[in-house]
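Let's take a walk through this protein together. Have a look at the sequence and the model first, and then we'll start with a single residue.

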Amino acid sequence: MLSNFEFQNPEFFWLFLILPVVVVWYFFKRNKLTAQVKISSLKGFKTGSGLLAKFRPILFVLRLLALAFLITALARPRTVDVSTRTNTTRGIDIVIAIDVSASMLAKDLKPNRLEALKNVAAQFIADRPNDRIGLVEYAGESYTRTPITSDKSIVLSSLNDIQYNTIIEGGTAIGMGLATSVNRLKDSKAKSKVIILMTDGVNNAGFIEPTTASELAQEFGIKVYTIGLGTNGTALTPIALRGDGGFQYGNVPVEINEELLKEIADKTGGLYFRATDNQSLEEIYDEINKLEKTDVEEFKYTNYEEKYRPLVLLAGLLLMFELLLRYTVFKSFV
């Protein structure tokens with residue numbers, strides 16, 4: 001392929017400028033290249049010798065082609081084969097803790113908070129091919145949805161399946177969600193351990209206090225990024241179940257315990273973010289993605305295969321053929 005072909009010394013192509021000069025020189029001097037004698041009559045000479053003389057310029061063409069091939073050989077044509085090997089020198093283990101309480105169906109983010117979060121989290125996961133990621137769900141209680149794994153297809157499939165349900169106890173147990181996430185990471189051997197904890201409410205359930213869970217995270221060297229999700233003011237939020245299994249919606253004030261989320265982030269070396277719409281949520285995950293960089297060492301191997309040898313050989317054969325013709329077929333014209 002032309003994409004992996006190159007000339008190591010392309011400056012030698014300037015020598016091709018000599019060829020037109022040589023051609024012009026030959027055109028004006030060709031009659032002087034052969035010895036001439038004036039005679040009164042051509043009788044007695046073999047017929048046909050004039051036709052052979054017309055083919056004598058082939059000697060010059062052969063030498064010209066040989067010179068062209070030698071110039072091209074001097075430019076060092078070669079093919080380049082580049083291969084890379086990537087080695088992850090510093091992996092990060094990440095747990096994404098997702099609030100799945102009924103309020104996550106509020107429509108201040110489109111189409112609702114939970115679906116908006118899933119879309120952004122899916123892109124975040126896809127952008128981190130070298131890290132292990134796990135998922136934790138929590139509402140009034142918490143459980144591990146996916147243990148930390150490097151198989152992103154499993155994580156993405158599990159994330160896509162997350163839905164609000166009535167099986168898990170209602171409420172918002174921030175401490176429980178954080179504690180379960182810490183439990184997933186406490187035995188990790190990764191150089192860096194991170195929890196991304198998202199909630200749209202206040203801690204009102206569970207038997208583990210958020211401050212206790214944050215102290216556990218601090219003890220195990222786990223950094224926690226917290227995200228408060230919800231617009232400022234009121235949001236169209238589920239307030240009651242309808243008979244058909246759907247929800248009745250009403251405008252409900254958005255209450256987020258930002259002081260608690262800031263405290264958790266500060267204590268563990270993380271940061272607190274507030275997402276009031278889809279765009280700000282995307283920007284938050286982009287920022288976390290930039291802050292938590294995985295060190296990747298890339299080794300690049302380059303193999304070169306020289307292609308000048310056939311050109312030199314071809315030039316040599318042309319010169320030998322030219323000499324052979326000069327001292328055999330065209331000997332009488334030399």
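**Starting from L281**

Setting aside neighbours within four places in sequence, L281 is in contact with L109, A116, L117, V120, I227, L229 and A275; contact here means heavy atoms within 4.5 Å. Before going on, a word on the source: this is a predicted model, where local features need pLDDT of at least 70, side-chain atom pairs count only at pLDDT 80 or more, and totals for chains, interfaces and linings use all residues. Residues are numbered from 1 along each chain as its sequence is written, and side-chain values use heavy atoms, with hydrogens and water left out.

Now zoom out to the largest nonpolar core, which has 33 residues. Such a core is a set of buried Ala, Val, Leu, Ile, Met, Phe, Trp, Tyr and Cys residues joined through side-chain atoms within 4.5 Å, and buried means under 20% relative accessible area (1.4 Å probe, protein chains only). L281 is one of the members that touch the most others, along with I96, I196, I227 and Y285. Among the elements giving two or more residues to this core are β3 (92–99), α4 (113–126) and α9 (278–291). The largest share, seven residues, comes from α4. These labels are DSSP runs numbered from the N terminus: helices (H or I, at least four residues) and strands (E, at least two). Apart from this core lies another, of 18 residues, including A179 and L185.

Next, find D93 in strand β3. D93 is buried, with a relative accessible area of 3%. The side chains of D93 and R132 are joined by a polar contact of 2.7 Å, that is, a pair of N or O atoms within 3.5 Å; within protein, one must be able to donate a hydrogen and the other to accept it, and residues adjacent in sequence count only if both atoms are side-chain atoms.

How values were computed. Buried < 20%, exposed > 50% of the residue type's maximum accessible area, 1.4 Å probe, protein only.
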